[in-house]
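Here is a short briefing to read alongside the model. Please keep the 3D view open as you go.

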Amino acid sequence: NGVSAGNKERANERVSDFISPPPIMSLSELVATSDVLVEALPPEYFDALADPAIKAGKTLIVLTLTSLLPRLDLVDEATRSGAKVIAATGALLGFDAVRAAAKGKIYSVTMKTFKPPEGLKKATFVVEQGINLDGLTKPLCLYSGSVRDAAVKFPANINVSVALALAGIGPDRTQYEIWADPATDRNSHQINVEADSTRFDMTIAGVPTEENPATGKLTPLSVMATLERMVAPLTIGT
């Protein structure tokens with residue numbers, strides 16, 4: 001077991017309270033000594049972990065799905081190397097139903113995300129466009145279009161929409177909106193799925209983390225559940 005981080009001093013502080021603090025390693029050391037790796041990196045560092053992990057036949061649990069989307073060639077490489085890529089559920093719900101519906105015919109998938117403005121101020125699109133989110137008095141739609149296009153504009157903010165797209169009808173057909181909403185203190189998602197086998201709506205309102213309001217508290221818990229599922233004698237859901 002081990003951890004890699006850009007700020008090793010900060011990482012040491014974080015793990016110091018563990019009963020058995022894991023060693024802080026470089027990415028290359030972590031890949032060499034691990035069978036399962038959990039990715040939670042800024043987009044610019046994704047390839048540095050994903051490429052060697054997949055080539056080495058490891059299991060890679062991906063959280064930054066906006067980084068995986070343009071690198072789906074890694075799935076082909078995993079087929080050759082025996083590696084496995086797992087897209088963690090993160091802060092969303094309903095993947096069992098979406099994946100099952102995709103075995104038939106899904107007509108449409110739409111998703112709307114509402115986040116507190118504070119959690120979107122550093123978003124790539126917001127910064128590049130010079131959008132001022134201070135003093136909002138009503139919800140502001142920042143983007144409406146395909147998930148594929150949204151992933152380029154919001155690489156650190158919309159991993160949940162990419163997960164939904166990969167589970168269902170793909171990033172080009174999955175329609176997405178993201179809103180800065182001053183009236184909410186949660187990261188909320190509304191999803192509608194229309195299929196030949198079913199029709200369903202889903203709503204989830206995750207509590208943001210204190211350190212990074214763009215990320216919900218459910219995300220790290222979903223990683224724990226994913227790891228547990230890999231070794232549990234009983235699993236629930238498909």
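Predicted model: local features only at pLDDT ≥ 70, side-chain atom pairs only at ≥ 80, totals over all residues.

Residues are numbered from 1 along each chain as its sequence is written, and side-chain values use heavy atoms, with hydrogens and water left out.

**Overall fold**

- The protein chain holds 10 helices and eight strands; helices (H or I, at least four residues) and strands (E, at least two) are DSSP runs, numbered from the N terminus.
- A compact globule of 238 residues would have a radius of gyration near 18 Å, and the protein chain agrees, with 18 Å. That radius is taken over C-alpha atoms, and the globule rule is 2.2 Å times the number of residues to the power 0.38.
- Along its principal axes, the C-alpha trace spans about 50 × 45 × 30 Å.
- Among contacts (heavy atoms within 4.5 Å) with a separation of 6 or more, 63% join residues 24 or more positions apart.

**Burial**

- Of the 238 residues in the protein chain, 42% are buried. Buried means under 20% relative accessible area, exposed over 50%, and partly exposed in between (1.4 Å probe, protein chains only).

- Helix α3 covers residues 46-55, and its residues F46, L49, A50, A53 and I54 are buried.
- These five sit on the same side of α3, because they cover an arc of only 105° around the axis; the arc is that of the directions from the helix axis to the C-beta atoms.
- The packing partners of the buried α3 residues are α2 (27-33), β1 (36-39), β2, α4 (65-68), α5 (73-81) and β3 (84-87).
- Just after α3 comes G57, which takes a positive phi of about 75°.

**T59, a buried strand residue**

- T59 lies in strand β2, which runs over residues 59-62.
- With a relative accessible area of 14%, T59 is buried.
- Leaving aside residues up to four places away in sequence, T59 touches D35, V36, L37, K84, I86 and M230.

**K103, an exposed loop residue**

- You will find K103 in the loop between α6 (95-101) and β4 (106-115).
- K103 has a relative accessible area of 77%, so K103 counts as exposed.
- From C-alpha to C-alpha, K103 and A83 are 24 Å apart in space, and they are 20 residues apart in sequence.
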